[in-house]
Amino acid sequence: MKNRLKVKIKDFGYDNSTGKILQAVDFSLSDGDILWIHGCVGCGKTTLLKLIAGIIPNFEDGRLRGEILLNGIPIGERTYTEITFCFQHSDNQLLFDSIRKQFFGDINEVKEYIEKMGIDKLGERAVMDLSRGERKYVALASTLFKKRKLYILDEPLDLLDDNKKKIIMNKITEVSRNAILVICSHDTNISLIANKELTYDEDGKFKFDGTEKTTFDNIPSYILPKKESVENFFLLDEQEYKYEGNSECISIPSLSIGENEIVGIVGRNGCGKTTILKSIAGTILSKSETPRKSYSVFGFLSQNVNRQLFANSVKEELYLGIKNISKEKEKYGEFLLYEFGLKGLENTHPVFLSGGQKQKLILASLLMHNPEIVLLDELFTNLDVVSIKKIFFVLSEYRKNNNLSIILTDQQSQILKEICDKMIYL
Amino acid sequence: MRQRYKIKTFLYYLPDRDFILKIFPSVKICSYILLNILILINPYVFLNILSALLILLYLYLIGFVRYRESLFRILFISLLLFFSISYAFQLISVGVSNITWIDVEETFFFILPFFGKWLIINMSGLLLFVSLSQGELVEFLRKLRIDFRILVSVTIAFNMISRLLEAIDEMNMSLDSRGVRKSDLRSLFGRIQHIFVAMIIDSIEYISSLRATYAFDYDDIEKEYEK
């Protein structure tokens, strides 16, 4: 018998807010279907996935009017063992310390699968010793290893390098033969394997299309105007890192960055991109080796946005660390909120923002401190095309009146090549 | 060129091929329990303090003190507070107006044994955590046939340690880059408050994800532990 998922949501809102996050979502899926959900930042994609999985309202509060049925059974306790979910911050779901233990099943079957997916190359390292991209890959691989009727994946291709993306997409296609897959992603590569699409329209509603798919012929252009650069503004020594059970070393080349230079760092997962940024920020280097510039000129946007939100409202977060808010600062703050689509959310607690909104808020807060170097780790994660364009607009406006060196890491090397003065391949 | 080595332990730092890594996990755990029992009954205060200092020296020599400077700073402050507060309370109990040098001296020697025990408990606990991996501990508990739900809880609790250390590093970095200073006591408390708030936000999502994963994988986890 074919599996069938029926989603009919009249509306949904969180208990602590009066507004409706979702309205009129209606679609049905069966075995072989891969549904791709996409739309702008903050439109409720992750909320929809959590509803389909039953995480809301069973583990998180919310008011749902409508029904979600898997093979005629309402999503809930009875359907848990038929569903698997891969979270966007997938290190949150890795229960055990070793990589091997994340895979449940026959030892030989697991061994074969791990080798096939290339996970054996990660060695005997602890999960927390892996890079975020590697953790994501392990979490995804273990999710897709399970035999389930419904697979729900939140931003599965985020943080993955091209090779791992290909492996995961092949695995998704393989799994979809006997199951239903619901995937939310900003990454347009998903369009290559999805056969159904749920798009967030301009009128503020999700539109289900079972026959046509969005095509992406043109990769949008991101341009930051060039500025005169001073050589050797910042220098980083050559370093080497090694983990137990892994003969491979992370080698970080010596690095020189010019003033106003935009540097892109690309490389496979676990090659040391984040380590370079952390070294620059002076957290890994011992005090005697910290860069000559003090922290006040650094802006660091790391991958986990939840660990960078400290205030009780969006407005407080924006002005965090600023003692005297001048009229000029206030005006600039208003500009940032407007450009980043956070206008009207000033009094909202940052915890209620979507991943992309949180990322934009942290970047806005960093820019309020007039940094001379910003370190942006996996900037494009959580962001749609419109948001990325907005960020580049804001950065180019900032660079009109200030000196700013930008160091970016990301898996989307095409975009980086377009905007960077210098590329570092690890 | 600088080289660093990471070892799969709770606190993630030991030099490669250190002798302590060669000791069986069960021996380490049993020694720790035995040591703590001995501490409780041992009347030789200087032996406790000496053992604690030897462990501290070992942790220093393997580079752990330097690696987790802030942890040791907190530990040092907490030990100092423990000693000062106990000392103050003991003196007050004598009667502030009647305190003589003999009282001060006697109080010092009265508190020293408790302080010595507390010091060695802290240091030996730290040594165990530094040298034992989560997997080793869980495997040890599994051999004792402890219920799998308790083992999962232990696993998650110890995952939290490494997770919290990572989170604190990231939060400190973010606060530094946003100009939130720790120049005086007030700003230091403000910073601690910020970190506390961020920890809660981060943990809410973490716990919610874990609960859901646990519910989805309950049957598989049970089978895995019963193997």
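**Note on the predicted model: cores and chain contacts**

1. Within the largest nonpolar core, which has 70 residues, A:L35, A:I52, A:I152, A:L181 and A:I183 touch the most other members. A nonpolar core here is a set of buried Ala, Val, Leu, Ile, Met, Phe, Trp, Tyr and Cys residues joined through C-beta atoms within 7 Å. A residue is buried if 20 or more other C-beta atoms, placed from the backbone, lie within 10 Å of its own. The greatest contribution to this core, seven residues, comes from helix α4 (residues 132-145) of chain A; helices are DSSP runs of H or I with at least four residues, strands are runs of E with at least two, and both are numbered from the N terminus.

2. The model is predicted: local features need pLDDT of at least 70 and side-chain atom pairs pLDDT 80 or more, whereas totals for chains, interfaces and linings use all residues. Residues are numbered from 1 along each chain as its sequence is written, with chains lettered from A and ligands numbered from 1 in the order in which they are written.

3. Leaving aside neighbours within four places in sequence, A:L35 is in contact (C-beta atoms, placed from the backbone, within 7 Å) with residues including A:L29, A:L181, A:I183 and A:L198. A second, separate core of 52 residues includes A:A364, A:L366, A:L367 and A:L383.

4. Chain A contains eleven helices and 19 strands, and 46% of its 426 residues are buried.

5. Between the chains, 49 residues of chain B are in contact with 49 residues of chain A. Elements of chain B that each supply at least two residues to the side touching chain A include β1 (2-6), α8 (148-177) and α9 (185-216).

Note on methods: A residue is buried if 20 or more other C-beta atoms lie within 10 Å of its own, exposed if 12 or fewer, and partly exposed in between; C-beta atoms are placed from the backbone. Two residues are in contact if their C-beta atoms, placed from the backbone, lie within 7 Å.
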